[in-house]
Amino acid sequence: MAAQTLITLINAHLAYGHHALLDNANLTIQESERIGLIGRNGAGKSSLLRILDGRTEADDGEVSRMSSLRVITVEQEPILNDTQTVYENICGDILDSEDWARPARASAIIEKLGLDPDAQVKGLSGGTRKRIALARAFIEDPDLLLLDEPTNHLDFEGILWLEQMIQSCRSACVIITHDRRFLDAVTTRIIELDRGQLHSFPGNFSQWQARKAEWLEAEKQQNERFDKFLAQEEVWIRKGVEARRTRNEGRVRRLESLRRERGERRERVGNVNLAVSVGEKSGKLVAELENISHSFGDKAVIKNYSTTIIRGDRIGLIGPNGAGKTTLLKIILGKLVPTEGKIKLGTNLSIAYFDQMREQLDENAILTEVINPGSEWIEIGQQRKHVMSYLGDFLFSPARAQSPVSSLSGGERARLLLARLFARPANILVMDEPTNDLDIETLELLEELLQDFNGTVLLVSHDRTFLNNVITQTIAYEGDGQWRDYVGGYDDWLEQRPAEVANRLAGKPESTDKKAEEPAANNSSQAKPRQNRSRISSWELKELETLPEEISTLETEQAELTAKLSDPELYKDGSDTANGINLRLQELEDELLTLFDRWEQLEAKKEGS
């Protein structure tokens, strides 16, 4: 049976200020789809969610919804009833006679999350509140689930639980997130909001990255051809008197149209320009911890832990929410004296600290004051920059430079804190959850900066891709106040940690299996079976030669069908045609995966011959 269309946007328009967030945008959402909604900070992603759930009306265009459509939204900072218990918040109205199984489902999900059903919600951590809001949304079993940055405040176990819930639920989902690994795990389609337009790409985030690079190159070439033609016409119109006597009035009108089209073009916003002001080298030793322990009352968060941190180390601290990662950071930096044990700090330590709560930002201060109070100039390495130019590197326009911090979005606050952080010389960068609220392109640029930084990096993050791309060592929490050092990033830690540690953190009984158990959500990243290395046959060589052409043909059909889905004319006579296109796109995706696997097998045999 063909998938049912839940919501259709045709030529939707929404504007706050000079540029439209939605500029005649088109979108169709069908049942059971899992859509990753991505785009720059401030592009309008959250505004689009408000249109989808009816909290905001579009300024213009058509929004059509399936009759009796049930939509649930979980916002970045969900609102809970602080006077109620965990169970009451998740279960809702237990007197609802139409859903007698609801209390049982609520109890099951509470047990799965390890929550206390009788605990008062007031005073719970941000991560626990987010789990409660997500659990309540899944209990509602809506037709469409809208999730705005659902992985913020969640630890690794919480993210893996959420991946499994999304993969198994029947609801269609639209998910705003910058967690690339999460997008790869749960999405069946990526939609990018870019300069007011919605661009749809079938597949997950990694597949989108390859297609987006090709799309941007095609857009660049098209704009270059347009600009060259416009320049030629401008030269023609400015020719001498003789040329003006014979000029074609139709050509003049066309030139006027070209000028208007060029004036309306919205250029792609540039990337953040990240550079850190590196201070003098620290001593070779940064910190040495010897048998340290620390407790808060009766709760021991660190027990008998020792480590040595050397200049140039890039270390990630891994553990669930509340394990004590920030506490351990403060002890390493000498900001907190441990209950027991010794700590020796190195010499000439110049520390720049990115705190996850953004407490360094004064809500009433204007942006220029936050960056460099009392001076208009900033020294970055050997370069001297005016504060307005420096703010421009972090995508703040001159008009915004005099705005107060209170007017900024979450993503803008993160960028401002990075700007403040990097404006001061430092040889140790300490980053506590820096990835929250940053868009994907800024995350990738931050990764490059940290990889090239020749000082020491201490990082707390639940972004698995970010950890893998940045850190070379891991300090991991292993339960009951125990911490241990590992070589490598997140995936290396998964491979190396003992099975009993994995079981203990997951709340499972002790296992005698010597091999560490990996979370189910990571099955896709496990090593593939070794390819057949026997000699390749002549008919396999012929098959190998034909594969690129077959793949190209399928990709061309895929691109043409994807373009058709963006045409509003397609939906005027119902959604049957669109449903057929979506089914064919899924078939194409399966065929392409099969061909790519076959290509890989044959290439491996060819290399082994």
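# Exercises on a predicted model

UniProt, in an unreviewed entry, lists Gly39, Arg40, Asn41, Gly42, Ala43, Gly44, Lys45 and Ser46 under "binding site"; UniProt positions follow the numbering used here, feature names are shortened, and annotations may be inferred rather than shown by experiment. The model is predicted: local features need pLDDT of at least 70, side-chain atom pairs count only at pLDDT 80 or more, and totals for chains, interfaces and linings use all residues. Residues are numbered from 1 along each chain as its sequence is written, and side-chain values use heavy atoms, with hydrogens and water left out.

**Exercise 1.** Locate arginine 40 and alanine 43, and decide whether each is buried or exposed.

*Solution.*
Step 1. Arginine 40 is in the loop between β3 (34-38) and α1 (45-52). Helices (H or I, at least four residues) and strands (E, at least two) are DSSP runs, numbered from the N terminus.
Step 2. Buried means under 20% relative accessible area, exposed over 50%, and partly exposed in between (1.4 Å probe, protein chains only).
Step 3. Arginine 40 has 15% relative accessibility, so it counts as buried.
Step 4. Alanine 43 is also in the loop between β3 and α1. Its relative accessibility is 17%, so alanine 43 counts as buried.
Step 5. Leaving aside neighbours within four places in sequence, alanine 43 is in contact (heavy atoms within 4.5 Å) with Leu21 and Leu193.

**Exercise 2.** UniProt, in an unreviewed entry, also gives "binding site" for Gly319, Pro320, Asn321, Gly322, Ala323, Gly324, Lys325 and Thr326. Describe the surroundings of glycine 319 and the place of threonine 326.

*Solution.*
Step 1. Glycine 319 is in the loop between β12 (314-318) and α10 (325-332).
Step 2. Its relative accessibility is 5%, so glycine 319 counts as buried.
Step 3. Not counting residues up to four places away in sequence, glycine 319 touches Asp155, Phe156, Lys325, His462 and Tyr477.
Step 4. Threonine 326 is in helix α10. With a relative accessible area of 26%, threonine 326 is partly exposed.

**Exercise 3.** Describe the open sheet of six strands and the helices that pack on it.

*Solution.*
Step 1. The strand order is β14-β17-β18-β12-β19-β20, with mixed pairing. Two strands pair if DSSP finds at least two bridges between them.
Step 2. β14 (351-354) and β20 (483-487) are at the edges; each has a single partner strand, so one side of each has no neighbour in the sheet.
Step 3. On average, neighbouring strands of this sheet are turned by 15° against each other, direction ignored. Axes are lines fitted to C-alpha atoms, for helices over the stretch in contact, and angles run from 0 to 180 degrees between N-to-C directions.
Step 4. β14 pairs with strand β17 (residues 428-432) in the parallel sense over four bridges. Isoleucine 351 stands opposite isoleucine 428 in β17.
Step 5. α13 lies across β14 and β17, running at about 175° to β14. Helix α14 (residues 440-452) touches β12, β17 and β18 (456-460), and its direction makes about 145° with that of β17.

**Exercise 4.** Which residues have the most contacts inside the largest nonpolar core?

*Solution.*
Step 1. A nonpolar core is a set of buried Ala, Val, Leu, Ile, Met, Phe, Trp, Tyr and Cys residues joined through side-chain atoms within 4.5 Å.
Step 2. The largest such core has 47 residues, and those with the most contacts inside it are Ile371, Tyr390, Leu416, Phe422 and Leu450.
Step 3. Helix α13 (residues 410-422) gives the most to this core, with seven residues.
Step 4. Another core lies apart from it and has 29 residues, among them Ile110, Ile139, Leu147 and Trp161.
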